[in-house]
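Thanks for coming, everyone. I'll take a few minutes on packing and aromatic contacts. Have a look at the structure first.

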Number of protein chains: 2
Amino acid sequence: MPLDERESADEFMTATYRALCTHGYADLTMQDIADESSRSKAALHYHYDSKRDLLLAFLDHLLATADERLAPPADADPRARVHAILDALLEPDSETEVPAFRTALLEITAQAPFDDGFRERLRTFDRRVTDRLAEAIADGVAGGAFRSDVDPEEAAVLLQTAVRGAQTRRVAVGDAAAPSRDLLDRFVADSLGADEGPR
Amino acid sequence: MPLDERESADEFMTATYRALCTHGYADLTMQDIADESSRSKAALHYHYDSKRDLLLAFLDHLLATADERLAPPADADPRARVHAILDALLEPDSETEVPAFRTALLEITAQAPFDDGFRERLRTFDRRVTDRLAEAIADGVAGGAFRSDVDPEEAAVLLQTAVRGAQTRRVAVGDAAAPSRDLLDRFVADSLGADEGPR
C-alpha cells in the first residue's frame, strides 16, 4: 500500500488500541476510535466499513506484532527461547499487559464463538504460539537441555494453557490472586526438566 | 425465605441460565429472562431491581451449586478428590460445560474489572477452588499419595490456572484445539507424583 495509506493504517491501529483501553470492547464506537486519532470519523469509515472490519484489521495487526516477539533467534538456547515466548505473552513491558487492554482482549475472546473472523484470528495466534513453543522444546529435547521423555507438542499445549489461564485469572481475580511469574517459571522447569537458576 | 419465594428464585435462576445460553451475556435483557420462565417481566422486576441484581444473585446461586460439587467426602482418597474437583470444573456432564454457557461465563469474567460485585464473586469462587484443591493435595502429601516436595498451595494455584486456561481456550479456539482431559490428567500426575493408572 502507498506510504500515506500505511501511515493512516498505523495511526488507526494505535487509535484502536487506545480506544479499547479507555472504553473496553463492548461499548466501543467508531467515534471513540476517531477521537483517539488526528482523523475524522469519516476518514475512519473510508478505510473500514464497520467497527467489525476495523477490529479484524486490528487483530491482524496484533498477530503481525506478536510474530516478531514470538520468534527469538533459532540459534538461541532453547530454554531462553521458551522463556522469551512466555515473556512475550506475560510480561508487563508488553503493550498487551496494560490491564485495560488485557480485559478488552478477553472481551474479544468471549465473542469468538459468535464471529468466524475473530475465531479464525484467535486460532491462528493460538496455533502460532503452540508451534513456536513446540519448536523450541523439540530443539531442547534433541540437544539435551530438556528431558528426553518430554513430548514437545503436548508440553507446548500445556504451557500455553497455563499462560492463558494466568491471563484470564489476572482479569477475573486480579494480579495478586493470579499465579506469579516465578511459579510459572518453576512449572516450566518442572515440566521440561530444565535446570533452575538464572536465565 | 417462604416456600413460594424460594420457588420463584429457583425458577428465575433456571430461566437466567437458559437465557444466557440462548442470548449470551452482552445482549441479555430482563425480558429474555422472563420469557424463559412462566412469570412476567413485572414479576421478575418485583424480585430483582435490575439485570445486574439478577446476575449477582445468579452468580451466588452458581457458587452455592459449585460448593456441593467441589466438596467430595474428606475421607476419600486424595487423588480421587483432586480429580473430582477437576471433573466439577471441566466435565461435560456439568451444566457449566454447555458451550453457550461457558461463553456467557467468560463474557461475565471479562466484565469483572468493571464491576466490584462480579469481581468479588469470581474471587470467592477462585479462592474456594484453590482451597479445596490445596486441602486434597495437602492430605495426599501427608499420607504419601503425592510427592513430599509438593507445595499444596502452589500446586493448587497451578492446577487451577491450567483448568482456567483450558476453559478459556475452549471458548477461544474450540474443544479440538484445547488440551484434552487426558493431557490435563497427566499434568496432575506429573506435578503431584500421583500414580498413573485407573482412578
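**Aromatic pairs and helix packing**

B:Tyr48 is buried, at a relative accessible area of 11%; buried means under 20%, with a 1.4 Å probe and protein chains only. This is a predicted model, where local features need pLDDT of at least 70, side-chain atom pairs count only at pLDDT 80 or more, and totals for chains, interfaces and linings use all residues. Residues are numbered from 1 along each chain as its sequence is written, chains are lettered from A and ligands numbered from 1 in the order written, and side-chain values use heavy atoms, without hydrogens and water.

Now the aromatic pairs. Over all chains there are nine, counting Phe, Tyr and Trp (six-membered ring) with ring centres within 6.5 Å. A:Phe58 and A:Phe101 have centres 6.0 Å apart and planes at 90°, so they are edge-to-face, the class for planes over 60 degrees apart. A:Phe58 sits in helix 4 of chain A and A:Phe101 in helix 6 of chain A, 43 residues apart; helices are DSSP runs of H or I, at least four residues. Both A:Phe58 and A:Phe101 are buried.

Back to B:Tyr48. Its edge-to-face partner is B:Phe12, 6.1 Å centre to centre, with 80° between the planes. B:Phe12 is in helix 1 of chain B and B:Tyr48 in the loop between helix 3 and helix 4 of chain B, so the pair ties together parts 36 residues apart in sequence. B:Phe12 has 0% relative accessibility and counts as buried.

Last, helix 6 of chain A. Ten of its 13 residues are buried, so the rest of the structure largely encloses this helix. Among them are A:Phe101, A:Leu106 and A:Ile108.

Key:
Buried means under 20% relative accessible area, exposed over 50%, partly exposed in between (1.4 Å probe, protein chains only). Helices (H or I, at least four residues) and strands (E, at least two) are DSSP runs, numbered from the N terminus. Rings of Phe, Tyr and Trp (its six-membered ring) pair if their centres lie within 6.5 Å; planes under 30 degrees apart count as stacked, over 60 as edge-to-face and the rest as tilted.
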